[in-house]
Amino acid sequence: MISVIDLRVGYGAEPLFKPLNAQWNAGEIVGIAAPNGFGKTTLLHVLGGDSEPKLSGSVKIDGCEDPDDPKFRRNVAYVSGGGALLTPNASVHENLAMAKELWGSTADLEALEQDCGIESFSGKRVADLSQGMRQQASLAAGFATGASTLLLDEPTNALDPNNVERFSALLRRHCDQGGCVVLSSHLLDNLAAICTQILVFRDGMPACVALEASGPTPKELYWKAYGEKGGTEPL
Amino acid sequence: MSKLIGLLCNRGLRHPLFCIYVVLLAAVVAWPYVSSAPTSLDVMVGNYLINLESTRDTARNITRSEIPNSAEIAALLEDQADAIEQMDGADDGDLVSLMARWEEDNRELAALGFAYDDIPAYRQAMSQTVLVLNELEDPQLFGSCPEEPALYYFCEVMGSMPWMCWCVSVVVALVALKPLLGRGGLIEQAPLRQWKKLLSLFAALLSLSLGAILVAWMPVTIAAALRNGWGDLAYPIVNVVDTAEREMVIGTTLSSCFLANLALLLLVTALLCGCAVGLLYFLGDNSKILIALLLIITLPLLQGFVGLPAAVARWSPFTYFDTSIFAGVPTYQGFELLRPDGATWETGSAVVGFLGSALLVSTLTAAKLKPRYRL
């Protein structure tokens, strides 16, 4: 679903991290764990086709590399943490309907609103919503696109525990149905609960580690990669 | 692409600012109709009457002078004075006939060498209009906007509409669409080629701006139609275009005004859309858009104040912001709106079409050369 080859990302000549190579397939939920300011959001932008901070390398979504190609865009949706996906002066339902129409998806909006727990405020303008409600609506809009690959920037930060559970289940369901999710988060326990892989960067070197019952947890990986006593043993 | 255009138009129409703007514009368009200004027809007849005594004096002085053809000139001046005397209180048909008599006398006077100065173009048009109207079975003169049938009113205000209305319409439409165009938004990420998104935005801006203007016209047009009827499309007008008299009818003037204004709107939309989208696209800084919009609105004002040499002004798009110059307007209200200077409709459409297309094509090419999915 996402194929990343020798990807270097940065705003100047200096890349934020060493070249990233990865292949994330359907059914996978990849969590990016990194400190503040490391470049998680920038990396998600580039995975979503933004060309400006990309220095070299390529990103393919379902085999398509050109971010201007409708095939690329149809298969990916980037949901930012601040609700930027949504039109603030439209209602939540109108936003979902726009997402469905623009992507040409077959999403059942009423069912989606119920699944996402937003049916009680789907008629409200996005601008009038709380941060948490806006985040719920953004995630729902991401699902409404019908895109197989979802790029989520700190999706659960503003959510209450009930909604964290709810959306974790929805992400798992999305992957069970053939989708792929790449998300960034500081909530390492949440990453442990839903992710199949964790991407960390030790000394700028990217490492994608599969989460297995017998293997290290995201918390352990995080401290190994970024902690002062991280050591030098393999991740 | 049609989905996106529909969606953009739909969102634009729902924006409160856009709705308020349409209501305000409707009020601006209706203002000449509802305001109770003195009729320019009274002013015009008054101007003839003021000259009554001086015309008779001139006739008496000419009789006593030894200039060639003095008797004929004096007779013509006396006839003009008689015509003026009968104008007070005459109905439309008689008034046109008396004015035509005065004009014919005036032409004969000019032929006899009795002319004060070069006759200005507007005077030529007025004279010719009166003669053309006098040939009609039932000529009518409209002294004020509330007297005019709907089409004449539409034609007149359309032809003399301030260019600011066209600019502001596009800016308001752009502001109404702005919430949809943010970075990381649905439109930015939508699965459409970048050039299609830009073209859709252009089409939506054009539709919203033109729609706002046409909808704003509706109340006053319907009111005028109910009060005075629609008016005869074949009713004649004489306009002076590029210093040449051109006999037209309401129907052709109306279509000419409409096309001229549509071309103007295309240009303004292309200018604003090109700048706004280009700046958003390349710089990603929203404050630059405001600067660009202000510049675009300031430039024609600068041209108006500073002035440009005629040869340059002919090729400046802002010259054509006053479409009455080449589209013409009805001239029944004191003949004040005639514009003897300026350029032709053909030059205007060439300039507007060329610059509008160039801007649009350059924006689309830039989008193609630097593919990003950002709007």
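## Salt bridges and the A–B interface

Arg56(B), Glu78(B), Asp82(B) and Glu85(B) are tied together in a network of salt bridges. The model is predicted. Over all chains, the structure holds 12 salt bridges. Four of these charge pairs are counted between chain A and chain B.

**The interface**

The size of an interface is often given as the accessible area lost when the parts come together. Between chain A and chain B, about 2600 Å² is buried. Carbon and sulfur atoms give 54% of that area. On the chain A side, Asp68(A), Arg73(A) and Leu102(A) lose the most area to chain B. Together they make up 26% of what that side buries.

By contacts, 29 residues of chain A meet 26 residues of chain B. Nine residue pairs between the chains are in polar contact, both residues at pLDDT 80 or more. Helix H2 (70-74), strand S5 (76-79) and helix H3 (92-103) of chain A each supply at least two residues of the side that touches chain B. H3(A) gives the largest share, seven residues.

**Bridges across the chains**

| Residue in chain A | Residue in chain B | N to O distance |
|---|---|---|
| Asp66(A) | Arg193(B) | 3.2 Å |
| Asp68(A) | Arg193(B) | 3.8 Å |
| Glu94(A) | Arg11(B) | 3.1 Å |

Where does Arg193(B) meet Asp66(A)? Asp66(A) sits in the loop between strand S4 (54-61) and H2 of chain A, and Arg193(B) in the loop between helix H10 (186-189) and H11 of chain B, so this pair joins two chains. Asp66(A) has a relative accessible area of 30% and is partly exposed. Arg193(B) is partly exposed too, at 24%.

The second pair also crosses between chains: Asp68(A) is in the loop between S4 and H2 of chain A, and Arg193(B) is in the loop between H10 and H11 of chain B. Is Asp68(A) buried or exposed? Asp68(A) counts as buried, because its relative accessibility is 5%, under the 20% cut-off.

Arg11(B) lies in helix H1 (residues 2-14) of chain B and Glu94(A) in helix H3 of chain A, so the pair joins two chains. Arg11(B) is buried, with a relative accessible area of 5%. Glu94(A) is partly exposed, at 23%.

**Chain B**

Chain B has 16 helices and two strands. Of its 375 residues, 52% count as buried. Among its contacts between residues at least 6 apart in sequence, 78% join residues at least 24 apart. The accessible surface of chain B is about 16500 Å², and 64% of it belongs to carbon and sulfur atoms.

Some of that chain's residues form a nonpolar surface patch of about 410 Å²: Val215(B), Met218(B), Ile222(B) and Leu226(B). Met218(B) is in helix H11 (residues 194-228). Its relative accessibility is 47%, so Met218(B) counts as partly exposed.

Phe142(B) lies in the loop between helix H7 (121-134) and helix H8 (150-159). Phe142(B) is buried, at 4% relative accessible area. Phe142(B) and Pro179(B) are 37 residues apart in sequence and 47 Å apart in space, C-alpha to C-alpha.

**Positive phi in chain A**

Most residues other than glycine have a negative phi. Asp6(A) has a positive phi, near 45°. Asp6(A) is in strand S1 (residues 2-9) and is partly exposed, at 42%. Glu154(A) also has a positive phi, near 45°. Glu154(A) lies in the loop between strand S6 (149-153) and helix H6 (161-176).

Definitions and conventions: Residues are numbered from 1 along each chain as its sequence is written. Chains are lettered from A and ligands numbered from 1 in the order in which they are written. This is a predicted model: local features need pLDDT of at least 70, side-chain atom pairs count only at pLDDT 80 or more; totals for chains, interfaces and linings use all residues. Side-chain values use heavy atoms; hydrogens and water are left out. Patches are made of residues with over 30% relative accessible area and no salt bridge: like charges are joined within 9 Å, nonpolar side chains (Val, Leu, Ile, Met, Phe, Trp, Tyr) within 5 Å. Accessible areas come from the Shrake-Rupley method with a 1.4 Å probe; for residues, only the protein chains shown count as cover. A salt bridge is a side-chain nitrogen of Lys or Arg within 4 Å of a carboxyl oxygen of Asp or Glu. Helices (H or I, at least four residues) and strands (E, at least two) are DSSP runs, numbered from the N terminus. Buried means under 20% relative accessible area, exposed over 50%, partly exposed in between (1.4 Å probe, protein chains only). Contact means heavy atoms within 4.5 Å. Buried area is the accessible area (1.4 Å probe) that two parts lose on being put together, summed over both. A polar contact is a pair of N or O atoms within 3.5 Å; within protein, one must be able to donate a hydrogen and the other to accept it, and residues adjacent in sequence count only if both atoms are side-chain atoms.
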